[in-house]
Amino acid sequence: MVETLPQVAALLPALVLAATGLALLLVDTISPDARSNTSMAIVSALGALGSLSVTVWFVASGTGSVDTGGAVTLFADAIKVDTLALFFIAIFASVTALVVVAAHDYFHDHDNPAAFYSLTLFAATGMSLLAVANSLAVVFVALEMVSLPSYVLVAYLKQDRGSVEAGLKYFLVGALSSAVFLFGISLVYAATGSLILADIASTSVEGLAGVLGVGVVMMIGGVAFKTASVPFHFWAPEAYEGAPAPVSAFLSSASKAAGFVVAFRVFTEAFPLRMAVSANVDWMLAFAVLAAVTMTLGNFAAAVQEEVKRMLAYSSIGHAGYALIGVAALTLDGPANGTVMGAAMAHLLVYGFMNTGAFLFVAMAERWGVGRTFADYAGLWRRAPVASVAMAVFMFSLAGLPPFAGFFSKYFLFQAAIDNGFLWLAALGAVNSVVSLYYYSRVVKALFLDDPEMSSALDAVDVRPTALYAAVVFAAVATMLLLPGFGPVIETAEAAASALF
Amino acid sequence: MTAIAASIPPSWYLLLASAVFCIGLFGVLTRRSALYFLMSVELMMNAANINFVAFALYYGDLTGQVFALFVIALAAAEVAIGIGIILVLYRNFGTTDVTVPAEMRW
């Protein structure tokens, strides 16, 4: 922490996002005629970038890191700002910035885009709050703060039957899983008498270990919903396919990472490995099974899809499975506990850029109206060469091919899992990556090698959505730049994760 | 009053809360109307509230009671969003039956 600032300034990244969202809402409410799509998009992008720069500044100056006096705790330990939280806030802010810039072109003829921008920023605020939550009460409030705007964002095109259906399904599964998560919290409270993570860990639960165990299992359910993992993954293909593509990008990158920050912090701090082993609440095993099932189901289901957006939805389920290795491949006193979790964090950062970029390319295709299937994308590179090259970068990086950033994050993740004695998880992940290469390269093949069925099919590509282009190209550049920049990223992530053990 | 409440074993509260939760879950799984779904989810959240309030008393700790108030506010917010989504559902599909919208493959 920079000494001259008060302690509460550690929350600045979240406060900037909240203030921007509120300002947009205020302007939209008091002078609805003065709003313009462009100025709203610029203000939201500036807000997100402001939050990102504060976060990067905090990380660089060592706020909350172990070297400079440890985490900053606020509000009677309910909030804890450490490097782990700042790392995730950086992911949320970057994805938010890309999404609001892209939304400028996507909603160019929409009559009320202000609601979109403020809801996106509120959801990002909730995510940042989730990253710093150190009490189950804050976790639940922040989780709802992410979920409620997200339901609306998915159903944002309220004249569009697909969007409404997607919003309804997301809401149904979301409301159910947050009720299950809440009941899990109440059982943990019943067993331990506290909601602060550290106090839960220090309570001994002799007679009520069973209650605690059921509570932990129900909380895993809540995490599985947010991260779109088995068994609460059903909503993901529907919601991502029906939602406006920038919203799909936001949910599948930022909202998923928000679910993982809960998993990483709550489970390691409230139910530390020692307690999990002694009280027989073996959540690592539960996560290992979920990781294996999730990545297999996601990748094999993605391989049989005909629509690009739906394929990306299933691929995002598969990537949730990879990232779950970060909480699954943990053992008591394991030598690589911090490394494997740090690698999962780095993977989520890289994934934030490449997956957002891929969905924004789909947003561009929707903006042009070229169609949704692989066949509709045939020969697109002739009309949109730069965007097509960017999409190829995203696809190969998602598949984990060298020399893209996705290769390094996966390599570190699987290597750390092997170091911790989880060879089977790493092997399964590698097999799944091979499967994923098949369906990712189908997109590249369609873009560059196939010819469109009708020569007039590409006439739809008649506009140049500048902001969308900029967002896609920036995401591609970030995916490439994370290659030389991967060293600092993985070091920060591993240091942040190691502080949890 | 407090003496009576405190003399009830905590496991009874757990049983009551679990029963209410299961009734809510049963409603979620069997009802087709989106409005019944909202009511059932409300039951599930209130089951959690029973636990929070009961164990706040048991441990002599106010955290649970205060959090129960938060949950009530959040449940209201969730219902407000849910009603909005059900309204656009009705406008687009002419029904509140959650099994009718199936434009996309499941």
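Biologist: Why does Asp77(A) count as partly exposed?

Modeller: This is a predicted model, so every value here is computed from it. Asp77(A) has 13 C-beta neighbours inside 10 Å. Buried needs 20 or more, and exposed means 12 or fewer. The count of 13 falls in between, so Asp77(A) is partly exposed.

Biologist: Where is Asp77(A) found, and what is its phi?

Modeller: Asp77(A) sits in the loop between strand S1 (72–74) and strand S2 (79–81) of chain A. Its phi is positive, about 70°, although Asp77(A) is not a glycine. Most residues other than glycine have a negative phi.

Biologist: Is Ala228(A) buried or exposed, and how do you know?

Modeller: Ala228(A) has 29 C-beta neighbours inside 10 Å. The cut-off for buried is 20 or more. Ala228(A) therefore counts as buried.

Biologist: What is the peptide bond from Val230(A) to Pro231(A)?

Modeller: That bond is cis, with omega near 5°. Pro231(A) is in the loop between helix H8 (209–226) and helix H9 (235–242) of chain A. A cis bond also joins Pro402(A) and Pro403(A), with omega about 5°. Pro403(A) belongs to the loop between helix H15 (385–399) and H16 of chain A. Most peptide bonds are trans.

Biologist: How do you know that the length of helix H19 (residues 486–498) of chain A agrees with what it should span?

Modeller: H19(A) has 13 residues. At 1.5 Å a residue they should span 18 Å, and the end C-alpha atoms are 18 Å apart, so the two agree.

Biologist: Which residues of H19(A) are buried, and what do they pack against?

Modeller: The buried ones are Val489(A), Ile490(A), Thr492(A), Ala493(A), Glu494(A), Ala496(A) and Ala497(A). They pack against H2, H3, helix H14 (337–368) and helix H16 (405–419) of chain A.

Biologist: What about the span of helix H2 (residues 37–61) of chain A?

Modeller: H2(A) has 25 residues and reaches 36 Å from first C-alpha to last. That is close to the 36 Å expected at 1.5 Å a residue. Its buried residues include Met40(A), Ala48(A), Leu52(A) and Phe58(A). Among the elements covering the buried residues of H2(A) are helix H1 (12–30), helix H3 (83–106) and helix H4 (113–132) of chain A. Gly62(A) follows H2(A), with a positive phi near 80°.

Biologist: Why are H6(A) and H4(B) called roughly antiparallel?

Modeller: Helix H6 (residues 161–192) of chain A packs with H4(B) at about 165°, axes 10 Å apart. The cut-off is again over 145 degrees, so H6(A) and H4(B) are roughly antiparallel. Their crossing is left-handed. By class, their contact has 10 nonpolar, 4 polar and 2 charged residues.

Biologist: How many residues of chain B are in contact with chain A?

Modeller: 32 residues of chain B are in contact with 31 residues of chain A. On the chain B side, H4(B) gives the largest share, 14 residues. That side divides into 24 nonpolar, 5 polar and 3 charged residues.

Biologist: What makes Gly193(A) buried?

Modeller: Gly193(A) has 20 C-beta neighbours inside 10 Å. Buried means 20 or more, so Gly193(A) counts as buried. Gly193(A) lies in the loop between H6 and helix H7 (197–202) of chain A. Leaving out residues up to four places away in sequence, Gly193(A) touches Thr203(A), Phe55(B), Tyr59(B) and Asp61(B). Gly193(A) and Thr203(A) are 10 residues apart in sequence and 8.3 Å apart in space, C-alpha to C-alpha.

Methods: Residues numbered from 1 in each chain as written. Chains lettered and ligands numbered in written order. Predicted model: local features only at pLDDT ≥ 70, side-chain atom pairs only at ≥ 80, totals over all residues. Helix = DSSP H or I, 4+ residues; strand = E, 2+ residues; numbered from the N terminus. Expected span 1.5 Å × (residues − 1). Contact = placed C-beta atoms within 7 Å. Nonpolar A, V, L, I, M, F, W, Y, C, P; charged D, E, K, R; others polar. Axes fitted to C-alpha atoms, helices over the stretch in contact; angles between N-to-C directions. Parallel < 35°, antiparallel > 145°, perpendicular 65-115°, else oblique. Left-handed = near helix turned anticlockwise from the far one by under 90°.
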